[in-house]
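Please keep the structure open beside the text as you read.

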Amino acid sequence: MQLRNLVRHFAGRGGVATKALDGVSLSVAAGEIFGIVGRSGAGKSTLIRCVNLLERPTEGEVRVLGEDLLLLGDRALRERRRSIGMVFQHFNLLSSRTVADNVAFPLEVAGVPQAERKARVAEVLGLVGLAEKADAYPAQLSGGQKQRVGIARALAPRPSILLCDEATSALDPETTHDILGLIRRLRDRLDLTVLLITHEMAVVKEICDRVAVMEAGKVLEEGRVFDVFTRP
Ligand code: ADP
Ligand code: ADP
């Protein structure tokens, strides 16, 4: 995945634009777990939202498998977006739906037939270790279990890229450790490329292969975690 010179402006009060992204270029290798760190307001969420095209950059390229997603038409774009799964800080589960129906949701939207949906839901719930909770409702689950559901939902359409937006920030340290271990195992098993944003250095140190540090819409530094955080 290559991000080239991404720029995203937001019109601000009194006509002063906020440059949420001010020329960000990053190259993430297939199968890599890549972290983006930075303080609140640095532009991390805007960046990740530009990758799954929830947000349209003002300028730049988002290349996935050699294709600039910003040049695709609506139909092709909808297809491609299925290859990008997203996991959220507050899980974003539907409280009126069971675990299985939450996980099935993106498959319903994609028009996957029911028999196939059932098989895929069982498969991804197995992958996250929640097979026995298929009929539970989100309110009956712990935070860590809710995030496992969020991960299963993201994986159901069989993405090649997993985006994690502060995926462990609402969890205690022990549960964070469990979820990071799960993400790493899923990366190994499913050949996922993982792009995660976090404000927690411990998360980066535990799981990331490489990291970029953002501030004020720019990448200040980028490299292997050890090099970026232990150099004098
Ligand atoms: P982070 O995720 O690192 O906290 P964000 O990407 O959320 O940073 O925000 C980067 C900057 O862009 C901030 O100054 C924020 O206020 C601004 N911003 C983000 N989204 C919007 C929006 N929809 N409208 C206006 N300004 C925004
Ligand atoms: P294999 O292909 O040898 O069965 P994998 O480790 O590739 O083993 O996959 C394990 C299981 O996960 C398989 O049932 C496969 O269909 C499923 N799977 C593979 N890729 C994904 C994905 N991106 N999301 C969800 N499930 C997947």
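In this predicted model, a polar backbone atom of Gly41 lies 2.6 Å from an oxygen atom of ligand 1. The points below begin with the other contacts of the ligand and then turn to the nonpolar cores.

**Polar contacts of the ligand**
- Lys44 places a polar side-chain atom 2.9 Å from an oxygen atom of ligand 1, and Thr46 has a polar side-chain atom 2.6 Å from an oxygen atom of ligand 1.
- Taken on its own, ligand 1 has 560 Å² of accessible area, and the protein covers 59% of this area.

**The shell around the ligand**
- Strand S2 (18-27) and helix H1 (44-51) are the elements that each give two or more residues to the shell around ligand 1, and the largest share, 3 residues, comes from H1.
- The residues around ligand 1 include Phe10, Thr18, Ala20, Arg39 and Ser40, and also Gly41, Lys44 and Thr46.
- By type, the shell around ligand 1 consists of 3 nonpolar, 6 polar and 2 charged residues.

**Nonpolar cores**
- In soluble globular proteins, nonpolar side chains tend to be buried together.
- The largest nonpolar core here has 46 residues, and within this core Leu125 and Ile151 touch the most other members.
- Leaving aside residues up to four places away in sequence, Ile151 touches Val87, Val128, Ile179, Leu182, Ile183 and Leu186.
- Another core, of 29 residues, lies apart from the largest one, and among its members are Leu3, Ala42, Leu77 and Met214.
- Ala42, one of the residues of that other core, is also one of the residues around ligand 1.

Technical notes:
Residues numbered from 1 in each chain as written. Chains lettered and ligands numbered in written order. Predicted model: local features only at pLDDT ≥ 70, side-chain atom pairs only at ≥ 80, totals over all residues. Heavy atoms only, no water. Near = heavy atom within 4 Å. Polar contact = N/O pair within 3.5 Å; in protein donor to acceptor, adjacent residues only side chain to side chain. Areas by Shrake-Rupley, 256 points an atom, 1.4 Å probe, with all protein chains shown as cover. Helix = DSSP H or I, 4+ residues; strand = E, 2+ residues; numbered from the N terminus. Nonpolar A, V, L, I, M, F, W, Y, C, P; charged D, E, K, R; others polar. Core = buried A, V, L, I, M, F, W, Y, C linked by side-chain atoms within 4.5 Å. Buried < 20%, exposed > 50% of the residue type's maximum accessible area, 1.4 Å probe, protein only. Contact = heavy atoms within 4.5 Å.
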